[in-house]
Amino acid sequence: MATPTAPAASALKKTALNATHRALKAKMVDFGGWDMPVEYPGNGGGLIAEHLAVRTAVGLFDVSHMGEIQFRGPGSLAAVQRITMNDAARLKDGQAHYSALLTPQGAFVDDILVHRLGDNDYLLVVNAGTKDKDFAWIRQQVGSFPGIHLNDYSSYYSQLAIQGPRALSTLQKLTKVDLAAIKNYWFTWGQVAGIHNVLITRTGYTGEDGFEIYIPSDESTTVKAWEAILDAGADFGIRPCGLGARNTLRLEAGMSLYGHEISDEINVLEAGLTHWLKLDKGDFIGRDALLAIQNAGGPQRKIIGLEMIERGIGRDGYCVLSLEGEKIGTVTSGSPAPFLKTNIAMALVPTAVAAGGSDLFVECRGNRVRAKQVPLPFYKRPKK
């Protein structure tokens, strides 16, 4: 996550819940041009309390800053296939998957979620800070494809994420939709908290079970949903959660963040996201470059997991050194892991170092702090 700065709120974009966050005394930061809550320190709260609420009960996130881009028309599938690395032809109506928009070099324009709404209808959810860049890039690549209509509907939606083992129990109080019947990475529509035609998805970015609801972006509707969810989750100790906990939760779960583990300078093979890379689906932007890397023996660098053995926190951008003291890599994300009660990091290092599994040093404020390589993800939620 970017280093928080005290925002000049008037210059930043705001979600419909901005006044609500401020009334809750949230600490607000400039995040990708949005005035967003990083944590809610009051009432025994703060980042650690929010993180633990999601791991053990339920938390509520305002993620309305995310972007939504819709593809409509008979050319939609061909366009989506051209610009994404996963195989959208495998999606059924009501199904979603993780994917990415790639550069010709096989690196990342952005990581995204693709939802198949219908035969000729796809919804792409993109990152907030890259939304305008993504939409311009998509128009440049496939805007001239026949039979396709592209729309940026980001301003039409507020998106709320209900995450944690009690997320289903919380949201079920507010809808007659059978939430248990929605499988992971599937979605449906229904009434939630008296709001009609709500898109209800089951994806998440925390390592826990959870749901997202997409509702009209006017303030009264969004505040109504937010307050109804907090009320419904009160029995379970629900907490409003900010971007700080969202970052530590996804890091514990070994999930990549744009600008950190994935960027226009890190390719898919280096990032270790090959599970969602479908090189056999046919041509798409970035495929040739990735095949060439594969055929040349694979990537030269790789994202690894590190757990600090000695006292110190490996922060984003810190140098990674071999035990001989040679600078060999960089921490891409690092922080304390509140649930695991240790300090963890992800780092980009040479493939040979990753394969060897040796201990490494992280240079923390001038001190060399020893770390051991550990498998990703750091945390997996217990199976029921």
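Lysine 341 is exposed (over 50% relative accessible area, with a 1.4 Å probe and protein chains only), its own relative accessible area being 70%. This is a predicted model, in which local features need pLDDT of at least 70 and side-chain atom pairs count only at pLDDT 80 or more, while totals for chains, interfaces and linings use all residues. Residues are numbered from 1 along each chain as its sequence is written, and side-chain values use heavy atoms, with hydrogens and water left out. Helices (H or I, at least four residues) and strands (E, at least two) are DSSP runs, numbered from the N terminus.

**Backbone points to look at**

- Most residues other than glycine have a negative phi, and most peptide bonds are trans.
- Lysine 341 has a positive phi of about 55°, and its place is the loop between strand E16 (327-337) and strand E17 (342-350).
- Asparagine 43 also has a positive phi, near 55°, and sits in the loop between E2 and helix H2 (47-56).
- With a relative accessible area of 73%, asparagine 43 is exposed.
- Leucine 376 and proline 377 are joined by a cis peptide bond, with omega about 0°; proline 377 lies in the segment after strand E19 (367-374).

- Helix H4 (residues 131-142) has 12 residues and reaches 16 Å from its first C-alpha to its last, close to the 16 Å expected; the expected span is 1.5 Å times one less than the number of residues.
- Buried (under 20% relative accessible area) residues of H4 are Lys131, Asp134, Phe135, Trp137, Ile138 and Val142.
- These residues cover an arc of only 165° around the axis, which puts them on the same side of H4; the arc is that of the directions from the helix axis to the C-beta atoms.
- Among the elements that cover the buried residues of H4 are helix H3 (76-83) and strand E5 (95-102).
- Helix H6 (residues 219-232) has 14 residues, and its end C-alpha atoms are 20 Å apart, in agreement with the 20 Å it should span.
- The buried residues of H6 include Thr221, Val223 and Trp226.

**An enclosed space**

- A search of the whole structure finds one cavity of 30 Å³ or more; on a 1 Å grid over the protein atoms alone, a cavity is a set of points where a 1.4 Å probe fits but cannot get out.
- The largest cavity holds about 40 Å³ of space, a volume being the space filled by probe spheres set on the points.
- Its lining residues (an atom within 4 Å of a point) include Met36, Tyr40, Phe61 and Arg246.
- Strand E2 (34-39), strand E3 (59-62) and helix H7 (243-252) each supply at least two residues of this lining.

Terms used
1 Å grid on protein atoms, 1.4 Å probe; cavity = no way out; pocket = protein on both sides within 12 Å on 5 of 7 lines; lining within 4 Å. Contact = heavy atoms within 4.5 Å.
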